[in-house]
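User: I would like a close look at one part of this model. Please keep the answer connected and brisk.
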Amino acid sequence: MKHAIGCNSGTDALIIGLRALGVECGDEVITTSFTFFATAEAISNIGAVPVFVDIHPESFNIDVGQVAKRITSRTKAVVPVHLFGDAANMDELMALSEKTGIKILEDSAQAMGSSHRSRKVGSIGHLGAFSFFPSKNLGAFGDGGLMTTNDDQVARACRMLRVHGSEKRYFNEMFGYCSRLDEIQAAFLRVKLKRIEESNDGRRAVAQRYNALFADCSEIVTPLDSPNSKHVFHQYTLRVPAEKRDALAASLQESGIGTMIYYPVPLHRLPVYQSAEHQPLPHTEKAAREVISLPIWPTLAAENQQEIASALKSCLAKL
């Protein structure tokens, strides 16, 4: 990318990125309801209106067909999320952008190193937003974020906004933020960046072993391995029967195996958005009831995975 601009967090990357793309108070921004709160929070924090659309049930990513149906005269941008490390359908989104003039901001917080048809996420849309939170595939020692773009004017706006809206010290041209990437975090990341591909390859290998271990269980749906996407498995997320999911998580916890639910409440169901009118999002609602994420890291041993898989299948059979 022509410009890669550090900032304080992935959340700030979204906020600053939206403003740099010209999103203003009252504009509509289409995004997914099945993601971490920061995606929609960034939209709301600049006074814009998040418009939630449904996901593809196979990938958990935004349904571009639904995006096209929700575009209005107020729509300024679309924020696809490359959820769990799997790239959204950027070909269709960019084709839609070219037709309508709507800007595309890629929420790549969970997908450093992922790609769509050989192009890295964060380099396809008009701006990419990354997070370096310690748990991410490329994590700092603390918080950190990054904005990527090939547009000189967008990059200039990002650089100004992250330093109180100024290009020249003490000559502030807009209201901005204090959102620089800390030097210590940058140094830490520069060391880890050299190993990101190796680390992501390790995650893919772990995911493939999990898939093989669960292949004989009809109650488990493993993550889709799309030929158009290079999944980096920030999370390894299964679908299990909704009526068994919570009891399964509790049973695994008792066995010493930690799991997480990403995400138990779709964003449009959160208190801060309940007063707004929303279209039905059946695939999003269903996913929130069924998903469960298992332990994953690049060097997770095969014998540990076997233990996890055996415990999960045993617990599931008893429910």
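Which residues of helix 1 are buried?

Analyst: This is a predicted model, in which local features need pLDDT of at least 70 and side-chain atom pairs pLDDT 80 or more, while totals for chains, interfaces and linings use all residues. Numbering starts from 1 along each chain as its sequence is written, and side-chain values use heavy atoms, with hydrogens and water left out.

The buried residues of helix 1 are Gly-10, Asp-12, Ala-13, Leu-14, Ile-15, Ile-16, Gly-17, Leu-18 and Ala-20. Buried means under 20% relative accessible area, exposed over 50%, and partly exposed in between (1.4 Å probe, protein chains only). Helices are DSSP runs of H or I with at least four residues, strands are E runs of at least two, and both are numbered from the N terminus. Helix 1 covers residues 10-20, and nine of its eleven residues are buried, so the rest of the structure largely encloses it. Gly-22 follows helix 1, with a positive phi near 95 degrees.

The largest one has 26 residues; Leu-18, Val-23, Val-29, Leu-105, Leu-127, Met-147 and Cys-158 touch the most other members. Two or more residues come from each of strand 1 (3-7), helix 1, helix 2 (38-45), strand 4 (75-79), strand 8 (127-131) and helix 5 (152-161). Helix 1 contributes the most to this core: six residues. In soluble globular proteins, nonpolar side chains tend to be buried together.

Now the aromatic rings. Rings of Phe, Tyr and Trp (its six-membered ring) pair if their centres lie within 6.5 Å; planes under 30 degrees apart are stacked, over 60 edge-to-face, and the rest tilted. The structure has eleven aromatic pairs by this rule. Tyr-210 and Tyr-236 are stacked, at 4.6 Å centre to centre and 25 degrees between planes. Tyr-210 lies in helix 7 (residues 196-213) and Tyr-236 in strand 13 (residues 236-239), so this pair links distant parts of the chain, 26 residues apart. Both Tyr-210 and Tyr-236 are buried. Tyr-262 and Tyr-263 have ring centres 5.6 Å apart and planes at 65 degrees, so they pair edge-to-face. Tyr-263 has 12% relative accessibility and therefore counts as buried. One aromatic cluster is formed by Phe-34, Phe-60, Phe-84, Tyr-262 and Tyr-263.

How values were computed: A nonpolar core is a set of buried Ala, Val, Leu, Ile, Met, Phe, Trp, Tyr and Cys residues joined through side-chain atoms within 4.5 Å.
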